[in-house]
Amino acid sequence: MVSMLIAAALAAAAPAVAAPPPSPPPVEQAQPAMFMVRDADTTIYLFGTFHALDGRTQWLNPGVRGAFENSDELVLETLIPEGPSMTIPGRPGLPIRAPSVTPSASFLATTKMAIDAGQSQGMEVANGADMVLRHIAESEGKPVEGLETLEFQLNMFNSLPPATAPKADPRPAQATGGAPINDLSKAMVDMESAWKRGDQSVFVHMLDQLRNASPDTYRMMFTERNARWADWIAARLRTPGTVFIAVGAGHLAGTDSVLVRLAEKGIPSTRVD
């Protein structure tokens with residue numbers, strides 16, 4: 001669940017590259033990207049989420065809500081146990097330990113940096129699309145499961161190469177193609193705004209930065225996981241029913257996305273938002 005926040009923090013430490021053109025003003029009614037794969041008796045919705053939101057925009061629009069309500073189950077990246085023993089103090093939903101895995105200091109520091117940057121702009125994990133959907137599903141008695149275990153995610157984060165601390169770029173913003181290199185807060189705002197518009201290009205840009213800065217981190221966080229999730233979806237298509245999958249928007253963008261991996265298996269996807 002925190003993977004996109006961490007990816008944003010790591011990408012912010014990368015050398016600046018040309019930014020995409022300025023984005024249009026946010027729309028009043030959010031339209032986050034949602035896709036669908038289906039066969040004769042199975043429909044799977046793939047909804048790209050943002051893990052921390054400002055709570056000021058109505059993103060659960062009729063299209064998303066309808067797909068969610070028509071689904072038999074909700075599938076998230078992972079199920080994070082809720083409760084004080086599983087959280088960073090003051091940051092509900094962020095784990096500090098699991099039954100068999102202890103997060104590394106690097107993971108906690110990077111997570112804290114990303115969450116602090118978001119909170120400085122009014123974004124809270126409690127408002128994140130994953131958390132909201134989970135709470136609605138649980139209140140309705142809809143089954144909720146995870147594509148990965150919490151232990152798997154923590155082991156992955158603990159195995160990531162050490163992040164390079166962001167350094168201020170001495171060049172003016174015009175020379176670097178945008179904001180200073182360490183302006184993670186602005187990057188979070190830009191990504192949230194893009195998510196609300198359903199604009200995948202900003203996430204592609206962030207993923208490109210991460211891949212250039214740390215190919216191993218990109219491979220572990222996106223390439224390998226997206227391939228495994230595509231395998232899961234392909235297998236799930238053999239069971240009749242309707243499934244709503246909600247994963248970080250970055251996993252549905254770029255050349256190594258879940259959608260690309262599905263297409264390679266002969267499973268086309270359609271954007272339905």
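Axes are lines fitted to C-alpha atoms, for helices over the stretch in contact, and angles between N-to-C directions run from 0 to 180 degrees. This is a predicted model, in which local features need pLDDT of at least 70 and side-chain atom pairs count only at pLDDT 80 or more, while totals for chains, interfaces and linings use all residues. Residues are numbered from 1 along each chain as its sequence is written, and side-chain values use heavy atoms, with hydrogens and water left out.

**View A. Packing of helices H5 and H9.** Helix H5 (residues 150-159) packs against helix H9 (residues 215-236) at an angle of about 145°, the axes being 11 Å apart. Helices (H or I, at least four residues) and strands (E, at least two) are DSSP runs, numbered from the N terminus. Contact (heavy atoms within 4.5 Å) joins Phe152, Gln153, Met156, Phe157 and Ser159 of H5 to Met220, Met221, Arg225 and Arg228 of H9.

**View B. The aromatic pair of Phe47 and Trp195.** Rings of Phe, Tyr and Trp (its six-membered ring) pair if their centres lie within 6.5 Å; planes under 30 degrees apart are stacked, over 60 edge-to-face, and the rest tilted. Phe47 and Trp195 are edge-to-face, 6.4 Å centre to centre with 70° between the planes. Phe47 lies in strand E2 (residues 42-49) and Trp195 in helix H7 (residues 184-197), 148 residues apart.

**View C. The aromatic pair of Phe47 and Phe244.** This pair is tilted, at 5.8 Å centre to centre and 45° between the planes. Phe244 belongs to strand E5 (residues 241-248), 197 residues from Phe47.
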